[in-house]
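This report walks through one chain, residue by residue and element by element. Please keep the sequence and the 3D view open while reading.

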Amino acid sequence: MSNTETTRAPLDPAVIFKALFLAVVAVFVLVPLLATLLGGFKSLGELRVNPFGLPRHWEWQNYADILFSTRYWQLLRNSLIISTLTVTLTLIVASMAAFTFAHVRFYGSSMLLSYLTLGLLFPAATAVLPLFIKVRDLGLLDTYFGVALPQVAFSLAMSVLLLRRFFKDIPYELLEAALVDGCSYIKFFRYVTLPLSRPILATVGTITFVNSWNAYLLPLVMLNTDALYPWPLGIMVYQGEYSSEWHLILAFITLTILPTIILFLLAQKHIVAGLTAGAVKG
């Protein structure tokens, strides 16, 4: 009888390095989130002596007080309205522009696309003063649209680039066949392109929503009424009222970032599919 020996292939050092790198990144991302979450369950005294460990006594009342306060839900409503407006307008405008750049040939399209991509070079902070003047002249100061419209403008460049790449991967033969059958560009966009583009639309929508949800500078400049504040401004006011109550502040932060975490987890599959679409040809 002969014993059959099974040999295992040696582990690739590149794979080990990638795994270690991802583990380190995961630790850097998860530790602050967990510390914030657990800090909200502690008393102030315990938070000072045990900032990172598990609570000895779980203070559920910290979260209950915030969840049953009208202020928290008001901030969440304002953030949801502004983010929803931003995402909706960005997807509408960016998808139409990206479809035009991907499938419609006209004079100056390359120049216009290059001009649009220049928006990636300029953060919103560099245009705060002219934005404020323009929003004031339009009568949109202290309104939801006064915050949403500038956010849409600064989201268009990246959104158009992502959508255009995905749209160009749709076989051009589909468009030619549709045009031969009498289908217009608008109908092809509505009934063919958009249904096939759900992964990239989910990707752009999620990225835009998270950026809008966490935006601080534009709401700070455009809004003056506390009743319209989104949560980043609300946490500033909340911290001013409870400057020494850090356990309550950590609980408040946890509850306000929770919607974006849930949204990202729900859309994770579509995000990966949207970002990797067209990466492999053949």
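Val 160 sits in helix 7. The model is predicted, and every value below is computed from it. With a relative accessible area of 2%, Val 160 is buried, because buried means under 20%. Which residues does Val 160 contact, once neighbours within four places in sequence are left aside? They are Ala 94, Ala 97, Ala 98, Phe 101, Leu 113 and Leu 116. Phe 99 is 61 residues away from Val 160 along the chain, yet their C-alpha atoms are separated by 8.8 Å.

Val 152 also belongs to helix 7. Its relative accessibility is 7%, so Val 152 counts as buried. Leaving aside neighbours within four places in sequence, Val 152 is in contact with Thr 86, Leu 89 and Thr 90. Val 87 lies 65 residues from Val 152 in sequence and 7.6 Å from it in space, C-alpha to C-alpha.

**The chain as a whole**

The chain holds 13 helices and zero strands. Read along the sequence, its pattern is therefore an α at every step, α-α-α-α-α-α-α-α-α-α-α-α-α. The chain has 282 residues, and 36% of them are buried. How large a share of contacts between residues at least 6 apart in sequence joins residues at least 24 apart? The share is 72%.

**Accessibility of selected residues**

| Residue | Relative accessible area | Class |
|---|---|---|
| Val 160 | 2% | buried |
| Val 152 | 7% | buried |
| His 247 | 8% | buried |
| Leu 174 | 39% | partly exposed |

**The largest pocket**

By class, the lining has eleven nonpolar and eight polar residues. It has no charged residues.

Asp 142 lies in the loop between helix 6 (128-137) and helix 7. Most residues other than glycine have a negative phi. Asp 142 is not a glycine, but its phi is positive, about 60°. Is Asp 142 buried or partly exposed? Its relative accessible area is 23%, so Asp 142 is partly exposed.

Leu 174 is in helix 8 (residues 172-180). At 39% relative accessibility, Leu 174 counts as partly exposed. Not counting residues up to four places away in sequence, Leu 174 touches Phe 188 and Leu 196. Val 192 is 18 residues from Leu 174 along the chain, and their C-alpha atoms are separated by 8.6 Å.

Helix 9 (residues 185-196) packs against helix 10 at an angle of about 70°. Their axes are 5 Å apart. Why do the two helices count as roughly perpendicular to each other? Angles of 65 to 115 degrees fall in that class, and the angle here is about 70°, so helix 9 and helix 10 are roughly perpendicular. On the helix 9 side, the contact is made by Leu 194, Pro 195 and Leu 196. On the helix 10 side, Arg 198, Pro 199 and Leu 201 make it. The residues of this contact divide into five nonpolar, no polar and one charged.

**Helix 13**

His 247 is found in helix 13 (residues 246-276). Its relative accessible area is 8%, so His 247 is buried. What does His 247 contact, leaving aside its neighbours within four places in sequence? The partners are Gly 39, Gly 40, Lys 42, Ser 43, Leu 44, Leu 47 and Asn 62.

Definitions and conventions. Residues are numbered from 1 along each chain as its sequence is written. This is a predicted model: local features need pLDDT of at least 70, side-chain atom pairs count only at pLDDT 80 or more; totals for chains, interfaces and linings use all residues. Side-chain values use heavy atoms; hydrogens and water are left out. Ala, Val, Leu, Ile, Met, Phe, Trp, Tyr, Cys and Pro count as nonpolar, Asp, Glu, Lys and Arg as charged, and the others, Gly among them, as polar. Axes are lines fitted to C-alpha atoms, for helices over the stretch in contact, and angles run from 0 to 180 degrees between N-to-C directions. Helices (H or I, at least four residues) and strands (E, at least two) are DSSP runs, numbered from the N terminus. Angles under 35 degrees count as roughly parallel, over 145 as roughly antiparallel, 65 to 115 as roughly perpendicular and the rest as oblique. Contact means heavy atoms within 4.5 Å. Buried means under 20% relative accessible area, exposed over 50%, partly exposed in between (1.4 Å probe, protein chains only).
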